[in-house]
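Trainee: Could you take a close look at one part of this structure with me, and tell me how that part sits within the whole?

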Amino acid sequence: MNKNTIVTILAIIGGIVVLGWVLRLTFALLGPIIVIGLGVVIYLALTGDKRIGGPK
């Protein structure tokens, strides 16, 4: 194995590790994100089109 092969293998392993951390963080924050999103949707549904940038 030459130097490029070792670097490539280490880069792939590092990418898998980083992807694992990102997925873990995403699933840990999934609950609060869904609750905040539902709150925003309900707020927009109740306030109608009075928000900034709405129809004129």
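Mentor: Let me start with the rings, keeping in mind that this is a predicted model: a search of the whole structure finds zero aromatic pairs. What does occur at a ring is a contact with a charged residue, for Arg24 lies over the face of Trp21, at 5.0 Å from the ring centre. The protein has one helix and zero strands, and helix 1 covers residues 3-47, with Leu19 lying in it. Leu19 counts as exposed because its relative accessible area is 51%, where the cut-off for that word is over 50%. Together with Leu23, Phe27, Leu30, Ile34, Leu38, Ile42 and Leu46, Leu19 forms a nonpolar patch on the surface, and the accessible area of these residues together is about 830 Å². As for the whole, 2% of the 56 residues of the protein count as buried, while the accessible surface comes to about 5,200 Å², with 77% of that surface belonging to carbon and sulfur atoms.

Conventions:
Residues are numbered from 1 along each chain as its sequence is written. This is a predicted model: local features need pLDDT of at least 70, side-chain atom pairs count only at pLDDT 80 or more; totals for chains, interfaces and linings use all residues. Side-chain values use heavy atoms; hydrogens and water are left out. Patches are made of residues with over 30% relative accessible area and no salt bridge: like charges are joined within 9 Å, nonpolar side chains (Val, Leu, Ile, Met, Phe, Trp, Tyr) within 5 Å. Accessible areas come from the Shrake-Rupley method with a 1.4 Å probe; for residues, only the protein chains shown count as cover. A salt bridge is a side-chain nitrogen of Lys or Arg within 4 Å of a carboxyl oxygen of Asp or Glu. Helices (H or I, at least four residues) and strands (E, at least two) are DSSP runs, numbered from the N terminus. Buried means under 20% relative accessible area, exposed over 50%, partly exposed in between (1.4 Å probe, protein chains only). Rings of Phe, Tyr and Trp (its six-membered ring) pair if their centres lie within 6.5 Å; planes under 30 degrees apart count as stacked, over 60 as edge-to-face and the rest as tilted. A charge sits over a ring if NZ of Lys or CZ of Arg is within 6 Å of the ring centre and within 35 degrees of the ring normal.
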